[in-house]
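Open the model in your viewer and keep the selection tool ready.

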Amino acid sequence: MARILKEYPSVALKPENLDGKIDFVRVFGRVGPVHIEIGAGKGTFLLNQARSQPGNNFLGIEWARKYYRYAVDRIGRWGLTNVRIIRTDAVAFLADFIPDNSVECFHIYFPDPWPKKRHHKRRFICPANLEHLVRCLKTGGQLKIATDHADYFEQIKTVLTVWNEKLQEIDFLPTAGAEACEWVGTNFERKYLKDQRPIYTLAVRKM
Ligand SMILES: C[S@@+](CC[C@H](N)C(=O)[O-])C[C@H]1O[C@@H](n2cnc3c(N)ncnc32)[C@H](O)[C@@H]1O
């Protein structure tokens, strides 16, 4: 039987209620480091990370309605107070709503690879979006990326080289929900590991 998904207003952040750049203290009701996951899927990373790091605030951005609803229900059932999820396009949201120097870490795990050449322009990690990611990170803040797609990974590394003087490569430490042999423990990572696909990771810190 299909699970009945509940809407939890304390978890769901509504785009229509936003007015200009976000005030994270108001959104979370407290001061705390802000972690943002772009393409949160079913919320596995958000759930595990938020449970293990109660002092951090987590915002998940997810475009697909069915994943968004699943993630809100899941986080809501756990009663977590340090997670918000918004259903919106991360590209516009990043550009218009996230303030400069406000984010501790961006997590981008298994972004859609858009494998056909004519679709590469749809890939999230591109020069314009990277510029916003860097703008929004605090000094010392991190950007963590994982993908199974070798070609996309090469593109990501190329796009990042432009920021060599601002972004320093650091070790990618596995996230809270990751089990042995996993980096992030998300649904897509588990699916790809089952298919024995290689996983590529990268982490940088804003200097
Ligand atoms: C391949 S899935 C990975 C989901 C999750 N991170 C994981 O590892 O299991 C990519 C997710 O990014 C979402 N997504 C793609 N483009 C997006 C965008 N522009 N804004 C918000 N979410 C987006 C998709 O709907 C999808 O849920």
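Start by selecting Y68, A71, V72, D73, R74, I75 and G76: these residues of helix 3 are buried, meaning under 20% relative accessible area with a 1.4 Å probe, protein chains only. Helices here are DSSP runs of H or I with at least four residues, strands are E runs of at least two, and both are numbered from the N terminus. This is a predicted model: local features need pLDDT of at least 70, side-chain atom pairs count only at pLDDT 80 or more, and totals for chains, interfaces and linings use all residues. Residues are numbered from 1 along each chain as its sequence is written, and side-chain values use heavy atoms, without hydrogens and water.

What covers those buried residues? The cover includes strand 1 (12-13), helix 2 (44-52), strand 3 (57-62) and strand 4 (83-87).

Now step just past helix 3 to G79. Its phi is positive, about 70 degrees.

Next, select G39, E62, F110, P111 and D112. Of the 35 residues lining the largest pocket, these lie nearest its centre. A pocket is an open set of points on a 1 Å grid over the protein atoms alone, with protein on both sides within 12 Å along at least five of seven lines; lining residues have an atom within 4 Å of a point. Colour helix 7 (187-194). Helix 7 gives the most to this lining, four residues.

Finally, move to the second largest pocket. Select Q49, H107, Q142, K144 and L173, the closest to its centre among 13 lining residues. Strand 5 (103-109) and strand 6 (137-147) each give two or more residues to this lining.

Note on methods:
Buried means under 20% relative accessible area, exposed over 50%, partly exposed in between (1.4 Å probe, protein chains only). Contact means heavy atoms within 4.5 Å. On a 1 Å grid over the protein atoms alone, a cavity is a set of points where a 1.4 Å probe fits but cannot get out, and a pocket is an open set with protein on both sides within 12 Å along at least five of seven lines; lining residues have an atom within 4 Å of a point.
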